[in-house]
Amino acid sequence: DVYEKLIKGYTEKQWGRPCTELPAFIIKRLPFRFIYDNNYFNDRYQGIAMGGYTKIVEKMLDGADVKLNTYNDGKIGQGRENAKIFLRENPEIAEKTLFTGMIDEFYQYKLGTLQYRTVRFETEELEMENYQGNAVVNYTDREVPYTRIIEHKHFEFGKQPTTIISREYSSEWKPGIEPYYPINDEKNNELFEKYRELADQEKNVIFGGRLGEYKYYDMDKVIEVALDVAAKELA
């Protein structure tokens with residue numbers, strides 16, 4: 001009963017496919033835990049940086065030139081080709097480029113299209129101090145259309161008189177919308193390996209992140225891998 005109610009239905013709602021089609025590492029990401037206050041993660045130590053990820057990104061970009069909308073025209077098969085054109089026309093901009101977009105889009109989908117999941121948020125301000133008592137609560141009922149609700153003030157112990165929540169909806173990715181998660185089943189992983197062979201031949205491009213490496217990462221793992229790559233490149 002616990003599996004059917006709190007695991008199977010929720011996982012299928014989030015990933016849009018039967019549990020039997022999902023790799024084990026996804027199925028193990030249960031939507032609740034018995035020993036860590038019903039948190040989504042089972043890590044013993046949990047938290048985010050003070051000030052949130054915005055502060056981290058601001059410090060990373062401090063002193064750097066930032067160019068927006070330089071290549072992504074939103075058309076399938078063209079957006080990242082424009083990135084190549086931009087780099088070719090501006091060879092002096094950097095010795096190497098870190099690409100964190102979709103690896104199949106970078107290569108104009110010439111070997112085929114990888115599958116992704118996307119997330120849509122509905123945000124609402126409520127006239128109350130507290131809505132759910134936690135930053136993230138998963139809603140496991142299959143009949144509930146959203147997978148979780150984020151209540152932002154609890155990330156930073158906010159004391160505001162009102163609260164802002166975001167309902168999170170999971171769905172299949174389609175061209176023109178933002179991808180969030182790779183779907184690491186056998187078929188997609190085999191196709192990704194073919195793209196990785198192309199990526200390994202790139203001398204001046206580093207592919208990183210969930211989309212560039214087509215790998216599901218939690219944020220702490222993303223940072224760990226990024227630091228390892230930086231150490232390797234700078235050695």
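1. Two strands count as paired if DSSP finds at least two bridges between them. Strands (E, at least two residues) and helices (H or I, at least four) are DSSP runs numbered from the N terminus. On these terms, 5 strands form an open sheet with antiparallel pairing, in the order 3-4-5-2-6. Its edge strands, each pairing on one side only, are strand 3 (136–138) and strand 6 (181–182).

2. The model is predicted: local features need pLDDT of at least 70, side-chain atom pairs count only at pLDDT 80 or more, and totals for chains, interfaces and linings use all residues. Residues are numbered from 1 along each chain as its sequence is written, and side-chain values use heavy atoms, with hydrogens and water left out.

3. Strand 5 (residues 163–172) runs antiparallel to strand 4 (residues 148–151), and 4 bridges join them. Ile-150 has Ser-166 of strand 5 as its bridge partner.

4. Strand 5 also pairs with strand 2 (residues 116–126), again antiparallel, over 10 bridges. Here Tyr-169 in strand 5 stands opposite Arg-120.

5. Across the 235 residues of the protein chain, 35% count as buried.

6. The protein chain has 8 helices and 7 strands. Among its contacts (heavy atoms within 4.5 Å) with a separation of 6 or more, 64% are between residues 24 or more positions apart.

7. The accessible surface of the protein chain (Shrake-Rupley method, 1.4 Å probe) is about 15,300 Å², and carbon and sulfur atoms account for 53% of this surface.

How values were computed
Buried means under 20% relative accessible area, exposed over 50%, partly exposed in between (1.4 Å probe, protein chains only).
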